[in-house]
Amino acid sequence: MLMKLCKRCNRKLKSQKSIDVGMGPICKKKYEAELAEAKFNNHQITIDEVIGVPLEEVR
Ligand SMILES: [Zn+2]
């Protein structure tokens, strides 16, 4: 019998759902949180926008 392991923590996956996903429910939540954070970081202002602010406004 083939034993599937979690991609993140290498623990044995018990449910068929976890095996389908490739990771346990807790690791899946962490993975989704990381994805959301990565998306958020991609939408933060760029360095060009910071440099573009006139010095008079910074003072
Ligand atoms: Zn895991």
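Me: Which pattern does the protein chain follow when read along the sequence, and where is the place of cysteine 27?

Reply: This is a predicted model, in which local features need pLDDT of at least 70, side-chain atom pairs count only at pLDDT 80 or more, and totals for chains, interfaces and linings use all residues. Residues are numbered from 1 along each chain as its sequence is written.

Read along the sequence, the protein chain follows the pattern α-α-α-α, with four helices and zero strands; here helices (H or I, at least four residues) and strands (E, at least two) are DSSP runs, numbered from the N terminus. Cysteine 27 has its place in helix α2, which covers residues 25–42.

Not counting residues up to four places away in sequence, cysteine 27 touches Cys6, Arg8 and Cys9, a contact being two C-beta atoms, placed from the backbone, within 7 Å. The C-alpha atoms of cysteine 27 and arginine 8 are separated by 6.5 Å, although these residues are 19 apart along the chain.

Of the 18 residues of α2, zero are buried, so this helix lies largely in the open; in the protein chain, buried residues make up 5% of the 59 residues.

As for pLDDT, the predictor's confidence in each residue, from 0 to 100, the mean for the protein chain is 85, and 75% of its residues reach 70 or more.

Methods. Buried ≥ 20, exposed ≤ 12 C-beta atoms within 10 Å, placed from the backbone.
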